[in-house]
Protein chains: 4
Amino acid sequence: MSIKLALNSYGKNAVNLSKIIRHADYHEFRQITVNISLEGDFTTAYTEGDNTKILATDTQKNTIYALAKEHFTSSIEAFGIYLSDHFIANNPQVTKVTIDITEHGYTRMAFDGSLHPHAYIGNGPDKNTALIVQDKGNITVRSGVKDLLILKTTDSGFENFIRDEFTSLKETADRILATQCEASWLYTSNGQDFTACAAAVRNTLLKTFAFHNSLSVQQTLYAMGEAVLQEHSMIKEISLQMPNKHHIPFNLEQFGLFNKNDIFIATDEPYGLIQGTITR
Amino acid sequence: MSIKLALNSYGKNAVNLSKIIRHADYHEFRQITVNISLEGDFTTAYTEGDNTKILATDTQKNTIYALAKEHFTSSIEAFGIYLSDHFIANNPQVTKVTIDITEHGYTRMAFDGSLHPHAYIGNGPDKNTALIVQDKGNITVRSGVKDLLILKTTDSGFENFIRDEFTSLKETADRILATQCEASWLYTSNGQDFTACAAAVRNTLLKTFAFHNSLSVQQTLYAMGEAVLQEHSMIKEISLQMPNKHHIPFNLEQFGLFNKNDIFIATDEPYGLIQGTITR
Amino acid sequence: MSIKLALNSYGKNAVNLSKIIRHADYHEFRQITVNISLEGDFTTAYTEGDNTKILATDTQKNTIYALAKEHFTSSIEAFGIYLSDHFIANNPQVTKVTIDITEHGYTRMAFDGSLHPHAYIGNGPDKNTALIVQDKGNITVRSGVKDLLILKTTDSGFENFIRDEFTSLKETADRILATQCEASWLYTSNGQDFTACAAAVRNTLLKTFAFHNSLSVQQTLYAMGEAVLQEHSMIKEISLQMPNKHHIPFNLEQFGLFNKNDIFIATDEPYGLIQGTITR
Amino acid sequence: MSIKLALNSYGKNAVNLSKIIRHADYHEFRQITVNISLEGDFTTAYTEGDNTKILATDTQKNTIYALAKEHFTSSIEAFGIYLSDHFIANNPQVTKVTIDITEHGYTRMAFDGSLHPHAYIGNGPDKNTALIVQDKGNITVRSGVKDLLILKTTDSGFENFIRDEFTSLKETADRILATQCEASWLYTSNGQDFTACAAAVRNTLLKTFAFHNSLSVQQTLYAMGEAVLQEHSMIKEISLQMPNKHHIPFNLEQFGLFNKNDIFIATDEPYGLIQGTITR
């Protein structure tokens, strides 16, 4: 039985680029991290060390900086699409390009109600993301947000779950619900104002999280995804990942005190991880 | 020549605590990380394994949770002072207590201009800090901020530095100045509204950074510290640490393009680190 | 058009467990991190908040500790299979279980040529991994290694790659090749001595890396995978991921010195990432 | 009351350098991270933006690479001393130089009992360190080790500690003792073979940890430091930092099982931190 290459991909990761766009009355500052991955007719590169079809990852990096000069002027999605088109158009051996961009958000400083023209403060921890996949002529764009740390102090419970021989968790009708949400959504077409759309989706996610009476993380996750599809007709699918950032009531009773559901241990590990994809 | 214990300290680190304070019309959510360190008459613990004077680090942790119930109600500084007093009052063998608290900031979500009563979004990356040191009856309080990511796209240069045999850096009158600032300041007395004071100092730091015409990171650091001392009479000393988050112009000229000081490589390593302490 | 749940999974991550197995003449120490993920008939949990089919992630965690008592006695693969069988057997609503285990390696200390009976030193950075997926009666086991930091100072070049308008990388016949390799392989059946097999595969990977005359990371990756399939008949597929840990010659010539390919800048970002799957 | 600069320092951190030293029959590979900090007559740089005495941190970085060419040939301590002397000799405005070097260890791969001439595997997690401080003509050298992950499964207890109102920890005569030790020691003079000395000290630390019957982390820490001073006459002081990497017995009894001190939760946070300095 012969041995063969079944899958391959290569590219440059963690290309950190910043740009100043000088407007008439202020400087716009942008900072992004770009990952590129190429797939295609690269079998002889792997099996024989034939580099003649290899676009060096260093060249990929250079291309990002060079094209950013003229073409990174609006959304990360638009820049990702431009990059993807460039690699496909110039490299016939490439059949699939994946461009993954994370934007590091900065906000103009404001003093006495007016925005400073060129001083910024980094915000976060949440970051906008774009994932562009171009495969045999078909291009898909996913926008997203990650590290969105959201929390509610009530309107969240977890009851009626299975009790087996290894169950010790108490049922609760009132707990903290906290997560570092990651979401990405797929558009029905690629002509949107991606930046405005991402802001609107983010708002829908926050609002649904805030007002949902949560019976479980699963239910809240679904409600958030469902609301995004209901409110945003240009989105056909959304995936959400919600690690449960546990806040566990501390046992004050052992010291003769009463924990009125107000003092908690915040833990990072272990953590529940809930995921779902909601479609039309 | 005899061998002896010259210095010792021990304590509990990374005690992660969250608290809900239920007000009439909304829930206040707070999350902190506390480090405790004790010094004192512990020589026989080290040299002989005599634990009779050892307050277990597990007990220190429990104490933080237990005392937070009644006494973590306002600033992290006030809670730190209470903790410090508790350990000193109850442990005659302890001569020095260090309490280091970092607050993880959360902001109430707002929809249509009104604040939600119990939904929060984590903010950052900057975090407020408090450092309380109680030593032989003397207590000092330092407030601070860390991970304050600030950046300006102009009004910053670096020229006229030494050119020796290993110097290759070009002089520039216009560069990006970016840093992840950490600052902590010492009060002349401990009766302030620490929370209000920290917010005011943060504003002074931001404003000075934004409006300063920077000839170097050193100069901007000093200007920021000087402004804090000038504007806040209750502060007698401030220490600042400003790593230089370099944004290096990318060489577009090699590709026949012109970098009009607009396309940069953002690097994490290596990085310049500038520190200073400014006093009255 | 109706909105529906397309994919779902949930489980507990980062369950950190250690175990002492007391043998007659020494203590065996093991430390692992386990991630569990369940999929199945959970639609109403998401859409309605019906928790009656939910095995709480806290219970999943407890189950790992409880079953480790009797059943974590040999390889991480065998323990993973046992866990997977347990969840499938006891939860008819679950159709798919994924168990992902990373072992943190420790080596018994040795003094004067003899092993200490109960003192260990952590080794690394490489760690063994096991991935068990049980899906509708079918179980697959992948063993692996991650964070395997390997490097060669010669017998590595990169030439004859595409030179386009954005290419600046020089060709080289002699460079450092360094990577933090991650590999995982699939067995033809599940009756092996997994621990012995993983050690043998690791050795094949190292030996091939060391003796291969590398024309590219791609070629070395393929050679490593091919050698594993050639030498280990019980393996039917292997996936490798090799980030290029760049060591870039420092420009000493600017200071009148000659870099005889001996002084390098070691960089983490950006980095090339090469991936491939090799099958029979 | 005038405002003034009380303390200042600046320098370059995280300078990552690798070097190949080509011996007749094999290649020696070294990788280090260097931090430099300078103090001196820099007041006007801070207060006025006068850069004429500033040796740019970029120049400091270049100097490390340039001097490594001829002068990084043996221990990190010797290279650190050379760097320190260089900065002092060439910069009269500098009164104090701190050079902090961490070495990332690599081991030559061995196959069938013989060492490969140019293939390496990264080891760890422990790393050797050197700290050179030159201050007004006086130079001190500290060697050290960090991230030394050591563990013993028995011969460790913790009893007879204070029981106050907030104590819940049970006494135990048999527990896991685990730590990620960091140690650094000061020499009586600077003419040693630093590399051999560091290896010997490391061995003393490991052996003492392994054979010590521990009544507390404090006692073990002291015993380790004491042994180093007893066995190594060229060392006059050692500082140790030992975070307690807790392994907490999991409550199996709640499930009708018996935890015979064999199943543990390994936790990272919170953690006890024990520190001490032992001198002659």
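Predicted model: local features only at pLDDT ≥ 70, side-chain atom pairs only at ≥ 80, totals over all residues.
Local features need pLDDT of at least 70 and side-chain atom pairs count only at pLDDT 80 or more, while totals for chains, interfaces and linings use all residues; side-chain values use heavy atoms, with hydrogens and water left out. Residues are numbered from 1 along each chain as its sequence is written, and chains are lettered from A and ligands numbered from 1 in the order in which they are written.

**Helices**

Two packed helices are described by the angle between their axes and the distance between the axes. In chain B, helix H2 (residues 57–71) packs against helix H3 (residues 76–90) at an angle of about 125 degrees, and their axes are 11 Å apart. Helices (H or I, at least four residues) and strands (E, at least two) are DSSP runs, numbered from the N terminus. Axes are lines fitted to C-alpha atoms, for helices over the stretch in contact, and angles run from 0 to 180 degrees between N-to-C directions.

H2(B) and H3(B) are therefore oblique to each other (angles under 35 degrees count as roughly parallel, over 145 as roughly antiparallel, 65 to 115 as roughly perpendicular and the rest as oblique). From H2(B), the contact (heavy atoms within 4.5 Å) involves Gln60(B), Thr63(B), Ile64(B), Leu67(B), Ala68(B) and His71(B). From H3(B), Phe79(B), Tyr82(B), Leu83(B), His86(B) and Phe87(B) take part.

In chain A, helix H2 (residues 57–71) has 15 residues, which at 1.5 Å a residue should span 21 Å; its end C-alpha atoms are 20 Å apart, which agrees. The expected span is 1.5 Å times one less than the number of residues. Of the 15 residues of H2(A), 13 are buried (under 20% relative accessible area; exposed is over 50%, and partly exposed in between, with a 1.4 Å probe and protein chains only).

**Backbone sites**

Chain A has cis peptide bonds from Gly124(A) to Pro125(A) and from Glu269(A) to Pro270(A).

| Cis peptide bond | Omega |
|---|---|
| Gly124(A) to Pro125(A) | near 10 degrees |
| Glu269(A) to Pro270(A) | about -10 degrees |

Pro125(A) lies in the loop between strand E6 (114–122) and strand E7 (127–135) of chain A. Pro270(A) is in the loop between strand E12 (263–266) and strand E13 (271–279) of that chain.

Asn261(C), although not a glycine, has a positive phi of about 55 degrees. Asn261(C) sits in the loop between strand E11 (247–249) and strand E12 (263–266) of chain C, and counts as buried at 18% relative accessibility. For Asn261(D), phi is positive and near 55 degrees. Asn261(D) is buried, with a relative accessible area of 18%.
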